[in-house]
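Visitor: I have this one open for the first time. Can we go through it piece by piece?

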Amino acid sequence: MKRTLGTCYYPEHWPRDMWEEDARRMVEVGLTWVRIGEFAWSRLEPVPDQYQWDWLDQAIDVLGRAGLKIVLGTPTATPPRWMLDRHPDMLAVDVQGRPRKFGSRRHYCFSHQGYKQECARIVTALATRYGQNPFVAAWQTDNEYGCHDTTISYSDAARDGFQKWLAARCNGITSLNEAWGNIFWSMEYDDFDQIDVPNLTVTEPNPAHQLAFRRFSSDQVVAFNKAQAEIIRLHSDAPITHNYMGRITDFDHFAVGADLDIASWDSYPLGFLEDRVDTDDDRKRRFACQGDPDFQAFHHDLYRAVGRGRWWVMEQQPGPVNWAPHNPAPLPGMVRLWSWEAFAHGAEAVCYFRWRQVPFGQEQLHSGLLRPDSKDAIGIDEAREVAAEIALAPDVANRQAPVAILFDYDADFGWTVQPHGDGLSYFGLIFDTYRAMRSLGLSIDILPATTRDFSGYGVIAAPGMLFMPNDLKSALNAADAQVLLGPRSAARTGSMQITVPLPPDFPGLDVTVSAVESLRPDMPVNLKNGGTFQSYRECLEGSDEILEQTEAGDPVVMTNGRILYVGAWLNAVALQRVIKRACASAGVDTFELPDGVRIRDTGSERFWFNYNATTEKVGNLTLSAGAVIRQGMSG
Ligand code: GAL
């Protein structure tokens, strides 16, 4: 598959007489794809049931004739104002029970039947009209499910849906009461129709109740997306994608992805560093104009898995964004670096958001490839450079990485319901593990929790994976690999009870977590071999070998030779040492990279990236600030 570039364009924002010139310039820059339509419902159907296709017909024609391929978005993230007159109760309801108002976007509840019918109607109309259009080469469903905290809605529609969802999954109310442990505080129900959504309770709701509601909410997103994908497929053979986000974990992206052909995600490295990366201010200052050196790569690897190998960056920051606490311009070279990093991780396309900065609306301060006056903006030359480079580069060539991390959205739901300490999150633990592996020069595959075939991996990490079915334990145990578990792996039953026998209860491993505690993050505990753990620890019992212990002699990491159990939240130094050891046992080569320098191996090349604002030397390689170096590889 050839690597390609694209951009996100809003013809409805610009006078008709600008479109030709815009299309011509997109092609001149070297772009292949243009995504349009995803917020245009009020222009497609200004009056209920009266469609206006002329402008979109023309836009598609102009862009397509210029030589661009179109990704057509369904407009369901932005229902027009009249929709609320038809369905006043379609708004999502926040945890405080307040409906979220019209006046921005994503103002809908995933459970509202009436709104879902309206979506089916507009998607049917769109797919019928453009399904066979030769210029429409891909589809995008909706826009960024979950953005602005919109997965979970405490509406009446959600409550009704939740009751039915529970009734369909539980073998009667008695079994639900037992599974949830509702005898605690006399929370027992007599019937499913008594079960409310878990908000506005006097103190915290039952974690089992919350977990079930999160699973239900995730399923609503899956169903919402599936309905659109099925309609599109009736009319078009073009691949379907959805643009996921960075560090949004409140619905199961793998389950949504099962109904799509390609996964895509929206990458805003500078906004993410300020807003979504757990790191200190020194590091935020150091990487303020480059972004976190691991955050983009993590999501590239995640979405490669979600897309079963096929994935894109649908939106790539080309300059300053508008929405983070601070919005600097990227260091020269970073737009090119981010684009190449995506390709190195297997992206088929990278699309810059957006074509032209828009002088009105909420995103006036968001840069585009063009300035509001249509002159070139800062990022466009780097896009041109990448276009010229990919024209000469080999095709996308993925190959299996030597190490893997299991990523389980369900575990994330469990941790969110019961973090046990401020700042403890499943994503944070997984990301620390990923970062430690990358700092050792490793390329990594992320795998869904449903994986049972682990052949080819030397090391498999499943930290924090709260719910571990027995067949997963057996598959990991049977894998010819070093397996890293803990903390909190296999610690809960599927209905959020502590497992007895106590965790991890793993075949062949004589390690038991006898107690757990969460700690202030500023109370690190030193390890004998160097490094620390902080924020969370487990007391480990058992007869297996102790690999790491505290200065006081308490076991922290134990192993039976192949399965390692980590009973604490290790810092980078300690985690790196444990991973390095596991790699050595598995025969996987590692080497420590300077902070901010990262590599990624494809089937044919080794890529080097320097996220630092300074020149770095690794062996006899010199990497200037923001450098991308490609080395050919054999095998
Ligand atoms: C994304 C979104 C775009 C735009 C962009 C701004 O989250 O999909 O529509 O809002 O952010 O950075």
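Visitor: At what angle do helix H13 and helix H14 pack, and how far apart are their axes?

Guide: This is a predicted model. In it, H13 (residues 334–344) and H14 (residues 380–392) pack at about 35°, and their axes are 8 Å apart.

Visitor: Is that crossing left-handed or right-handed?

Guide: H13 passes H14 in a right-handed crossing.

Visitor: Which residues make the contact?

Guide: From H13 there are Met334, Val335, Arg336, Ser339, Trp340 and Phe343. H14 brings Glu382, Glu385, Val386, Glu389 and Ile390. Sorted by class, the contact of H13 with H14 has 6 nonpolar, 1 polar and 4 charged residues.

Visitor: Now the ligand. Which residues are around the ligand?

Guide: The residues around it are Phe39, Arg105, Asn143, Glu144, Asp266, Tyr268, Glu315, Trp323, Phe353, Glu363 and His366.

Visitor: How far is a polar side-chain atom of glutamate 144 from an oxygen atom of the ligand?

Guide: The distance for glutamate 144 is 2.4 Å. Tryptophan 323 also places a polar side-chain atom by a ligand oxygen, at 2.8 Å. For histidine 366, a polar side-chain atom is 2.7 Å from an oxygen atom of the ligand.

Visitor: Back to helices. How do the axes of helix H1 and H3 cross?

Guide: The axes of H1 (residues 19–29) and H3 come within 9 Å, crossing at roughly 35°. That crossing is right-handed.

Visitor: And which residues touch there?

Guide: Trp19, Glu20, Ala23 and Met26 of H1 meet Trp55, Gln58, Ala59, Val62 and Leu63 of H3. By class, the contact of H1 with H3 divides into 7 nonpolar, 1 polar and 1 charged.

Visitor: What about H3 and helix H5, at what angle do their axes cross?

Guide: H3 (residues 54–65) and H5 (residues 113–130) cross at roughly 45°, with axes that come within 12 Å.

Visitor: Why are H3 and H5 called oblique to each other?

Guide: Angles under 35 degrees count as roughly parallel, and 65 to 115 as roughly perpendicular. The crossing of H3 and H5 is at roughly 45°, so the two are oblique to each other.

Visitor: Which handedness, and which residues meet?

Guide: H3 passes H5 in a right-handed crossing. Leu56, Asp57 and Ile60 in H3 meet Leu126, Arg129 and Tyr130 in H5. That contact of H3 with H5 has 4 nonpolar, no polar and 2 charged residues.

Visitor: What kind of peptide bond joins proline 503 and proline 504?

Guide: A cis peptide bond joins proline 503 and proline 504, and omega is about 0°. Proline 504 lies in the loop between E12 and E13.

Visitor: Last one. Is the phi of arginine 106 positive or negative?

Guide: Arginine 106 has a positive phi of about 60°, although it is not a glycine.

Visitor: Where is arginine 106 found?

Guide: Arginine 106 sits in the loop between helix H4 (81–86) and H5.

How values were computed:
Residues are numbered from 1 along each chain as its sequence is written. This is a predicted model: local features need pLDDT of at least 70, side-chain atom pairs count only at pLDDT 80 or more; totals for chains, interfaces and linings use all residues. Side-chain values use heavy atoms; hydrogens and water are left out. Axes are lines fitted to C-alpha atoms, for helices over the stretch in contact, and angles run from 0 to 180 degrees between N-to-C directions. Helices (H or I, at least four residues) and strands (E, at least two) are DSSP runs, numbered from the N terminus. Angles under 35 degrees count as roughly parallel, over 145 as roughly antiparallel, 65 to 115 as roughly perpendicular and the rest as oblique. A crossing is left-handed if the near helix is turned anticlockwise from the far one by less than a right angle, and right-handed if clockwise. Contact means heavy atoms within 4.5 Å. Ala, Val, Leu, Ile, Met, Phe, Trp, Tyr, Cys and Pro count as nonpolar, Asp, Glu, Lys and Arg as charged, and the others, Gly among them, as polar. A residue is near a molecule or strand if one of its heavy atoms lies within 4 Å of it. A polar contact is a pair of N or O atoms within 3.5 Å; within protein, one must be able to donate a hydrogen and the other to accept it, and residues adjacent in sequence count only if both atoms are side-chain atoms.
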